[in-house]
Amino acid sequence: MSNLSRAFLSGKAVIPFIMCGDPDLAATQRLIAAMSQSGADMIELGLPFSDPVAEDVDVMESGIRALDRGVTTDAIFSSLASARTSVDVPLVLVAYANCIFSYGIDKFADNMRDCGIDALIIKDVPYEEREEFSGAFKSRGIDLIYSVSLAALDRAVEIARAGEGFIDCRVNADDCDIDSVLSAINDVSNAADAPCVIDADAFDKAQLGVVAKYADGVVVSSSVVKLLRDSGDKSIDSICEYILSLKRELNYTDNI
């Protein structure tokens, strides 16, 4: 069983996202450890990038704050290697292709493996262009995770059939018809051999309780980075309380 699979063994998976280096790398390490002890089944870790094209404003600003503080890719890998020694939940790096190219694909993959990172999401690489990256990462035991837009259902289903680790399902929060989302998640789940997760921040609390019945887990990003933006290191307790509460709510709802 892969380490990613373990995330889905205890009901609906709760997967928080944080940006490495926001507010600083020491806080990132503490937060990884704290979240892993507070119900997080997997943790997504953003690699700051100066020109993101596939982020909401909160995540984009989180990356800019990290870069403004001088965070580097080498420093992030060093910090994640230290964090990994105290946690065993799956860790997923979220990056842009240019960061990987400029660092060197093989060197990047080596460092991910050495840090104990389980999977990689490349935000701006289409599924059809995955082969340029897949060999380097798969040969080192790192899963490439595909993001799919439920608004383009035929394409989402096609990609889901080839997915590994889990399928990252995305919706447009400004155009979110719940019935359509539920139908789309069901179609993607039926096509995929891997679990399907959905972006929790696209829904209000009542909607999320319904959507979570159809997905295998939820990713929380904006909610977490906003807490970090507003309170920095002091937000760790609040973030952990939020994760634990969400885990209980989703799995209670799942058992009704």
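Reply: Contact means heavy atoms within 4.5 Å. Residues are numbered from 1 along each chain as its sequence is written. The model is predicted, so local features need pLDDT of at least 70 and side-chain atom pairs count only at pLDDT 80 or more, while totals for chains, interfaces and linings use all residues; side-chain values use heavy atoms, with hydrogens and water left out.

Me: Is isoleucine 43 buried or exposed?

Reply: Isoleucine 43 lies in strand S2; helices (H or I, at least four residues) and strands (E, at least two) are DSSP runs numbered from the N terminus. Beyond its neighbours within four places in sequence, isoleucine 43 is in contact with residues including Ile15, Ile32, Met35, Leu91 and Val92. A residue is buried under 20% relative accessible area, exposed over 50% and partly exposed in between (1.4 Å probe, protein chains only). With a relative accessible area of 0%, isoleucine 43 is therefore buried.

Me: Which side chain of opposite charge is nearest to glutamate 44?

Reply: Glutamate 44 is found in strand S2, residues 43–46, and among the residues that it touches are Ile15, Phe17, Val94, Phe166 and Val219. Lys and Arg count as positive and Asp and Glu as negative, whereas His and the chain ends are not counted. A salt bridge needs a side-chain nitrogen of Lys or Arg within 4 Å of a carboxyl oxygen of Asp or Glu. Glutamate 44 is buried yet has no salt bridge, and the nearest side chain of opposite charge, 4.6 Å away, is arginine 170.

Me: How many salt bridges does a search of the whole structure find?

Reply: One of them joins the side chains of aspartate 58 and lysine 226, at 3.8 Å from N to O. This pair links distant parts of the chain, 168 residues apart, with aspartate 58 in helix H2 (residues 57–68) and lysine 226 in helix H10 (residues 222–231). Aspartate 58 counts as buried at 14% relative accessibility, whereas lysine 226 is partly exposed at 35%. The search of the whole structure finds a total of 19.

Me: How far apart in sequence are the parts that aspartate 58 and arginine 229 tie together?

Reply: Aspartate 58 also forms a salt bridge with arginine 229, the closest N and O atoms being 3.4 Å apart. Because aspartate 58 lies in helix H2 and arginine 229 in helix H10, the pair ties together parts whose separation in sequence is 171 residues.

Me: Which residue meets arginine 140 in a salt bridge?

Reply: Asp106, Asp110, Arg113, Asp114 and Arg140 are linked in a network of salt bridges. Within it, the side chains of arginine 140 and aspartate 106 meet at 3.6 Å, N to O. Arginine 140 is in the loop between helix H6 (131–138) and strand S5 (143–149), 34 residues apart from its partner in helix H5.

Me: Is helix H3 roughly parallel or roughly antiparallel to helix H5?

Reply: Helices H3 (residues 73–84) and H5 (residues 105–115) pack at an angle of about 20 degrees with their axes 8 Å apart; axes are lines fitted to C-alpha atoms, for helices over the stretch in contact, and angles run from 0 to 180 degrees between N-to-C directions. The contact is made by Thr73, Phe77, Leu80, Ala81 and Arg84 of H3 and Phe108, Asn111, Met112 and Cys115 of H5. Angles under 35 degrees count as roughly parallel, over 145 as roughly antiparallel, 65 to 115 as roughly perpendicular and the rest as oblique. The arrangement of H3 to H5 is therefore roughly parallel.

Me: What does the count of disulfides come to?

Reply: A disulfide is a pair of cysteine sulfur atoms within 2.5 Å. The sulfur of cysteine 99 is 11 Å from the closest cysteine sulfur, in cysteine 20, which is too far for a bond. Cysteine 115 is in no disulfide either, as the nearest cysteine sulfur, that of cysteine 20, is 9.8 Å away. By this rule the count comes to zero.

Me: What is omega for the cis peptide bond at proline 23?

Reply: Proline 23 lies in the loop between strand S1 (13–19) and helix H1 (25–36). A cis peptide bond joins aspartate 22 to proline 23, and omega is about 10 degrees.
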